[in-house]
Amino acid sequence: HAAFDLMTMFFQPGDRVHAFHVHDSEHASITSGLDLASVSLKAMYTNECEKITAATKGAVEAQLHWINKAGGKSIREHIERFVDDNMIDVIIMGSVVLSDPKGLQGARLLGSVASAVAKSSLAHCVIVKNFTTTTGAR
């Protein structure tokens, strides 16, 4: 939720917010638990978009886009394509470190997707770190 909360600080009337998630259907079909997590995530994103629209009394349009990862493209490539196709100026994204390489404190690192997008995208990037995964605290 931290990335959504941060977004609200930047809204201007007439802005459009595109919340999106690149979904890897190959992994979801292997483990039913991922299907459940995906449904939960989609519900959370939908709720956040509805809160944005309600909080701004419709002055800011918030849309959810659920993108199926396909065609051998990386998640970074899907994000960049979406940003380019929709002429996005600023990307506000969460960053979750899913592993703790060589015992380092993962909370000090950026997730690989956030890092790759920040390095290669032409849009401005604001990355909100999620410390919950590695430290247990927020």
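Analyst: Happy to! Let's begin with a definition: buried means under 20% relative accessible area, exposed means over 50%, and partly exposed is in between (1.4 Å probe, protein chains only). This is a predicted model, where local features need pLDDT of at least 70, side-chain atom pairs count only at pLDDT 80 or more, and totals for chains, interfaces and linings use all residues. Residues are numbered from 1 along each chain as its sequence is written, and side-chain values use heavy atoms, with hydrogens and water left out.

User: Why is Trp66 called partly exposed?

Analyst: Its relative accessibility is 24%.

User: What makes Tyr45 and Trp66 an edge-to-face pair?

Analyst: Rings of Phe, Tyr and Trp (its six-membered ring) pair if their centres lie within 6.5 Å; planes under 30 degrees apart count as stacked, over 60 as edge-to-face and the rest as tilted. For Tyr45 and Trp66 the centres are 6.1 Å apart and the planes are at 80°, so the pair is edge-to-face. Tyr45 lies in helix α3 and Trp66 in strand β2, so the pair ties together parts 21 residues apart in sequence. Helices (H or I, at least four residues) and strands (E, at least two) are DSSP runs, numbered from the N terminus.

User: Why is the pair of Phe20 and Phe82 called tilted instead?

Analyst: Here the ring centres are 4.5 Å apart and the planes are at 35°.

User: What makes Phe82 part of the largest nonpolar core?

Analyst: A nonpolar core is a set of buried Ala, Val, Leu, Ile, Met, Phe, Trp, Tyr and Cys residues joined through side-chain atoms within 4.5 Å. Phe82 is buried, with a relative accessible area of 9%, and belongs to the twelve residues of the largest core, which also include Phe20 and Val83. Helix α4 gives the most to this core, with three residues.

User: How do you know that Lys57 is exposed?

Analyst: Lys57 has a relative accessible area of 79%. Exposed means over 50%, so Lys57 is exposed. Lys57 sits in the loop between α3 and β2, and has a positive phi of about 50° although it is not a glycine.
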